[in-house]
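Dear colleague,

Please find the structure below, handed over for your own work. My notes on what was found in it follow directly after.

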Amino acid sequence: MASYVQTSQAETLAPPTERYTLLGWVYKHLLSPWYNLVLTLVGGLLLYAIFKPALTWAFTGARWAVIPANLNLLMRGQYPAEEAWRLWAVIFLLALAGGYNWGVWSKTVGPALITAFAIPWLLMLVPWFSWGTRLNLLIVEAVGLVGYALGRITPKQRSQWAVYAFLAYLLAMLLLLRGLQEGHPTLPMVPTRLWGGLLLSLLLAFFGIVFSFPLGVLLALGRTAERMPAIQTISVLYIEFIRGVPLISLLFMSQVMLQLFLPEDFPQIDHMLRALAAITLFSAAYTAENVRGGLQSIPKGQYEAAASVGLNGYQTMRLIILPQALRAVIPVLVGQFIGLFKDTSLVALVGLFDLLGIARVILANPDWLGTQREVYVFIAFLYWIFSYLMSYSSRRVEEALGVGKF
Amino acid sequence: MTVHTPETVQESPSTEHEHIIVCREVHKWFGDFHVLRGINLNVKPQEVVVIIGPSGSGKSTFIRCINRLEEHQRGDIIVDGIPLTHDVRNIEKIRSEVGMVFQQFNLFPHLTVMENITLAPIHVRKMKKEEAEALAMELLERVGIPEQAHKYPGQLSGGQQQRVAIARALAMRPKIMLFDEPTSALDPEMIKEVLDVMKELAQSGMTMLVVTHEMGFAREVADRIVFMDGGEIVEVGTPEHFFTNPQHERTKLFLSQIL
C-alpha cells in the first residue's frame, strides 16, 4: 500500500534563486507583458520631457556666477569677514564633539561613519570653494578623527563624558559666535542682527530642536499625568492653543506685536532670540504630541512590572517608560525636526536674513536681476542636503538602537 | 457564602503576629462591578497558598491588591506588619518586600537580562553595580539560564523569559512572592521548566501566593488551596482535602470541569 508518510527525514534544500542576464532583467521588468512596455515608454518620454530642458538650462543657460559672487552672504550673512575664523572654530569644535560622541557610543566602524567622514571630502569638490575653505575642511576631517579616536579610548563607565562634551560645546559655540563685548581685542561682539544665511538657518533649527525637545517631553508627561489635573489642563491648553495657530502668526506676534505690549522703557529683546522662542514654543507642542504617542504605545504591564520591583514614579519614567517611548518615536520626531528646519525659512518674512532672507536680498541687487532660478535652486539644494543628512543619520540611529526589532 | 466568616478571623488576633499576610474583609469594585466581596485570608511565613477558580472570580485582582497594583476599597491588608494605606512610603516599602511574576512576563525589552535583574537592586536598594551583577548571576544559575545574561528578552523563549522574571523579582530579596498565572502564556513544553523553578523556590522556604490552573503543581506543592468564585473565597483546604473530598457544590463543579 502506498504511504503518504515520509519514511526518512526530508533533506535540506537550497532556497530557490532567480538569476537574470541584463537583457533578461530588462525584458522581465520593463517590457513584458505589453502594459509594462507601454508604461516604460510613457515613463521614458516623461523623464525626457522634464530633464532635457532642466539640464540644458543648468549647463548652458544658467548664470551660476551669482552663487560664488555671493557665497559668503549665503553662508554667513553679514557676519564680518575678519571674524569668520570663529565660525570655522565652531565647526572644528562640532567635528571634535561629534567625533567624540560617535567614538563613545558606537564602537564599530560602519557605513554611516564612512559616510560622515566622506562629507568634508565631497564638499572640497564644490568648484566655488576657495583653497582656504578646502584647507579648513581638511582640518575638520582631522579634528573629527581626533575626537573619534578619543571617544574610542574612553572607558565605557565614562560614557557620560560624551554628554558633558556636548554641553561644553554648546557653551563654547555661543561664546565664539557672539563674542565678549564690543571692541574686545580677540573676541569682539558680533550682534545677532549680523548673523545670517545658512549660519542663521542652522542655528535657529539647532537651538529650536535642542530647546523644544525637553520642553515637548515635559508637556507630553504633563498631558498624560492623570493624577495632576492642574498640570494636565495647562499642558492640554498649551498644546492645543499652539497647534491651533500657524507658525507665521507666532513669528509676527514675537517680532512685531510683543514690543507693543511691553512698557515703553522696556529694553528691546534680541530679534533672533524672539524668533527662536517662537520656533521653540511652536515645535514643543508638536514634539509633545509625538512623544505622547510613544508613551501610549508602552503596555500597562511595563508600569506594573516597574512598580512591582519597587521603582518610584520618577525612576519608572526615566529608566523604563521614556527610553522605550522615545525610541519608538525617533522616526516621527526626526520628521518633525526636518520640518522645523525648513520652517525656519519663515523668519525671512519677519525681516531676519536667514538663507531665504539673504536670497531675497541678493535678488534685489540690480547686478543679479533675473537670477531667481539659480539662487532658489541653490538654496533648495542646501535645504535638501541638510534635511537628507538628518533623515539619513536618524535611520542609522534607529538601526543602532534596534527600533522595530522588538 | 464564605467559609471564613468574620468570627473565624476574630479568633486570629492572638496569632496575627505570626502571619506575614493578613487580609480582613477586603472589598473592591471596578466601577459598579463588585469584584472582591469580603476576602479573609491569613498566610503564615513559608506557606505556599495556591488560588484557583474560574476566570472572572477575582483571584488575580486579589493578589494584585497585596502589592497595591490594585487598590482595595474596604477592609485591611497587612503585609509583614505594614498596613496598606494611601501612604506612598508604605506602598513602596511593601513593594520592595513582595516580588511579583506576571502572566505576560513584563520584562523590560530595552534592557538585557542582566540589566533587567540588576535595575531594582541598584536603584531601589542602592546596591553597588558589581554586587548586583554577582547577585544576578547567582539567581540566573538558580533558574538555570546563566548563559543568557547578556541577551535581550526578545531573544529568549517564553519559558526562559518567565524564569528571568522570577530572577528579577528574587533580586530584591523579597519575603513574599506573588505569581499571577505564571504559566498561562507559555507553550506546553515550556511550562515544566517554570514550574520546576517555582517548586525549588517553595522548597527553599519562600512564602508564595500562586494563582494558577496547574492542578498538578497545586497538588504537589501547595500547603493550602483557596478556591475563589464570584469574588469570594468559597473553600480553603489542604490539597488532600481538595482533590479527594471537596465540600462545596461550586468547588465540585469547577474541579469536575478542569480535571
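How many residues of strand E3 (residues 48-52) of chain B are buried? Five of its five residues are, and the strand is accordingly described as mostly covered. Buried here means under 20% relative accessible area, exposed over 50%, and partly exposed in between, with a 1.4 Å probe and protein chains only.

Before the details, some conventions apply. This is a predicted model, in which local features need pLDDT of at least 70 and side-chain atom pairs count only at pLDDT 80 or more, while totals for chains, interfaces and linings use all residues. Residues are numbered from 1 along each chain as its sequence is written, chains are lettered from A and ligands numbered from 1 in the order in which they are written, and side-chain values use heavy atoms, leaving out hydrogens and water.

Strand E3 of chain B

Helices (H or I, at least four residues) and strands (E, at least two) are DSSP runs, numbered from the N terminus. Both faces of E3(B) are covered: Val48(B), Val50(B) and Ile52(B) are buried on one side, Val49(B) and Ile51(B) on the other. In a regular strand, side chains alternate between the two faces of the sheet. Two strands are taken to pair if DSSP finds at least two bridges between them. E3(B) pairs in the parallel sense with strand E8 (residues 207-211) of chain B over four bridges, where Met208(B) is the bridge partner of Val48(B). E3(B) also pairs in the parallel sense with strand E9 (residues 224-229) of chain B, over four bridges; there, Val226(B) is the bridge partner of Ile51(B).

The open sheet of chain B

Four strands of chain B form an open, antiparallel sheet in the order E2-E1-E4-E5. Its edge strands are E2 (33-43) and E5 (82-83), each of which pairs on one side only. Strand E4 (residues 74-79) of chain B pairs with E5(B) over two bridges in the antiparallel sense, and Pro83(B) in E5(B) is the bridge partner of Ile78(B). Helix H2 (residues 59-66) of chain B lies across strand E1 (21-30), E2 and E4 of chain B, at about 60 degrees to E2(B). Axes are lines fitted to C-alpha atoms, for helices over the stretch in contact, and angles run from 0 to 180 degrees between N-to-C directions.

The interface

In total, 21 residues of chain B are in contact (heavy atoms within 4.5 Å) with 20 residues of chain A. The two chains, B and A, bury about 1700 Å² between them, 63% of it on carbon and sulfur atoms; buried area is the accessible area (1.4 Å probe) that two parts lose on being put together, summed over both. One salt bridge is counted between chain B and chain A, a term for a side-chain nitrogen of Lys or Arg within 4 Å of a carboxyl oxygen of Asp or Glu. Arg64(B) forms a salt bridge with Glu304(A), with the closest N and O atoms 2.5 Å apart.

Chain A

Chain A has 17 helices and zero strands, and its C-alpha trace spans about 105 × 70 × 50 Å along its principal axes. Of its 406 residues, 39% are buried. Asn136(A) lies in helix H7 (residues 131-153) of chain A and is buried, with a relative accessible area of 18%. Asn136(A) touches Trp88(A) and Phe92(A), not counting residues up to four places away in sequence.

With kind regards
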